[in-house]
Amino acid sequence: MGLNISEIIPRKEIQLKDLKAKTIAVDAYNTIYQFLTTIRQPDGTPLMDKNKKITSHLSGLLYRNINLIDEGIKLIYVFDGKPNELKFKTLEKRQENKKEAEVKFREAKELEDEEQMRKYSSQFVKITDEIIQQSKELLDALGIPYIEALGEGEAEAAHLAKINKAWASASQDYDSILFGAPKLIRNLTLARKRKTISGYVDVNPELIELEHVLNHLGINKDQLICLGILVGTDFNPGGVKGIGQKRALDIVRKFQFPVKIFEAVANDTRYLIDFNWQDIYHIFHEPECCTEPNIVFKKVDEKKVKSLLLSHDFSEDRIDSALQKIRDLEEKNKQKSLSSF
């Protein structure tokens, strides 16, 4: 689910080289979910070890992160803390959707329909506590810092960008800009190629800048939050029935102030507001975040990386090749530092 305002949000395509020497705060759950849904066998089966333990997330975290580090990008992963009670309805709906997808997957499996199997298999992905713990262990071994958010991971990532601990936040969702992230990067951790009906196409990162969004739409941040609430967020899925992205933009432009915006919608007989907009507005306007996040970039612990991945049947040659890539990068940076004296 998440916030969908893609039709009206300006963004520009960039290259990974444009992010060189920049620190990006990554929405961990969003990214791990990507790995679990996209790194799969042709029939939709996730990567697994011999004990049938899923390893797609470990593969993604290892190879995609090394590629980003090789581009000179520094990463901070942010994990969700305790979910807000208002999100429970969204979480329940997601569980229902997963159950339906699992049933359809089993039906496709009986028919040996690989295309349908792949389609539905990614729709009932579950991020377990074990997957999260393994992800943290691998990040730590790779020397990539991670922090635990007090609440929403996207809010914390946006906060890191606001206080200049990061240049931007990275997520596929648009919620980060409602939380005030000055810059949002989409497609950062996706594969560089995507399969389509007509073949493979390039997938490049997208940059969304909050100030440019507000100027382009002719609204302020408070109006943007109200627009998001009208369209629907994880805290009020579906928003106000009958109000899409463009109509929501017209409404917030016309009535300007949050109270006036929702008074106008409440007084319009075409619409029904079945949620407390003030509570949701408060979540985005004043998110609970760590005041002094502890972020430490460490050296790679090669023994830990190998131990963890070998225990899940990763190829030792491929692990060694990945670690050599990091060593080469460290040596190149060391030489660059020496030459600057």
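**View 1. Q256 sits in the loop between α10 and α11.** Helices here are DSSP runs of H or I with at least four residues, strands are runs of E with at least two, and both are numbered from the N terminus. This is a predicted model, so to speak: local features need pLDDT of at least 70, side-chain atom pairs count only at pLDDT 80 or more, and totals for chains, interfaces and linings use all residues. Residues are numbered from 1 along each chain as its sequence is written, and side-chain values use heavy atoms, with hydrogens and water left out. For Q256, phi comes out near 65 degrees, a positive value in a residue that isn't glycine. Its relative accessible area is 41%, which means Q256 is partly exposed (buried is under 20%, exposed is over 50%, partly exposed is in between; 1.4 Å probe, protein chains only).

**View 2. K52 is another non-glycine residue with positive phi.** Its phi is near 65 degrees. Look for K52 in the loop that runs between α1 (28–38) and α2 (56–70). K52 counts as exposed because its relative accessible area is 65%.

**View 3. Here is the largest nonpolar core, a set of 43 residues.** A core of this kind joins buried Ala, Val, Leu, Ile, Met, Phe, Trp, Tyr and Cys residues through side-chain atoms within 4.5 Å. Which members touch the most others? They are I5, I9, I177, L227 and L230. Two or more residues each come from α6 (153–162), α7 (175–178), α8 (210–217), α9 (221–231), α10 (245–255), α11 (258–266) and α12 (277–285). Helix α9 is the top contributor, giving 7 residues to this core.

**View 4. K136 and E148 pair up in a salt bridge.** The term covers a side-chain nitrogen of Lys or Arg within 4 Å of a carboxyl oxygen of Asp or Glu. There are 9 salt bridges in the structure. In this one the closest N and O atoms are 2.1 Å apart. The bridge connects distant parts of the chain, with K136 in helix α5 (residues 129–141) and E148 in strand β4 (residues 146–148), 12 residues apart. Are the two partners buried or exposed? E148 is partly exposed, at 39% relative accessibility, while K136 is buried, at 11%.

**View 5. Helices α13 and α14 are linked by the E302–R327 bridge.** The N to O distance in this salt bridge is 2.7 Å. E302 belongs to helix α13 (residues 302–310) and R327 to helix α14, 25 residues apart, in another link between distant parts of the chain. Both ends are partly exposed: E302 has 28% relative accessibility, and R327 has 31%.

View 6. D320 is partly exposed, with 29% relative accessibility.

**View 7. D70, E71, D328 and E331 make a negative surface patch.** Patch members have over 30% relative accessible area and no salt bridge; like charges are joined within 9 Å. One member, E331, is in helix α14 (residues 316–339). Its relative accessible area is 37%, so E331 counts as partly exposed.

**View 8. F275 is in the loop between α11 and α12.** F275 is buried, at 17% relative accessibility. How many residues along the chain lie between F275 and N236, by position? They are 39 residues apart, and their C-alpha atoms are separated by 6.9 Å.

**View 9. P258 belongs to helix α11.** With 15% relative accessibility, P258 counts as buried. The C-alpha atoms of P258 and Q278 are 8.8 Å apart, and the two residues are 20 residues apart along the chain.

**View 10. F284 is a residue of helix α12.** F284 is buried, and its relative accessibility is 0%. F284 and L16 are 268 residues apart along the chain, with 29 Å between their C-alpha atoms.

Key. Patches are made of residues with over 30% relative accessible area and no salt bridge: like charges are joined within 9 Å, nonpolar side chains (Val, Leu, Ile, Met, Phe, Trp, Tyr) within 5 Å. Accessible areas come from the Shrake-Rupley method with a 1.4 Å probe; for residues, only the protein chains shown count as cover. Lys and Arg count as positive and Asp and Glu as negative; His and the chain ends are not counted. The place of a charge is taken as NZ of Lys, CZ of Arg, CG of Asp or CD of Glu.
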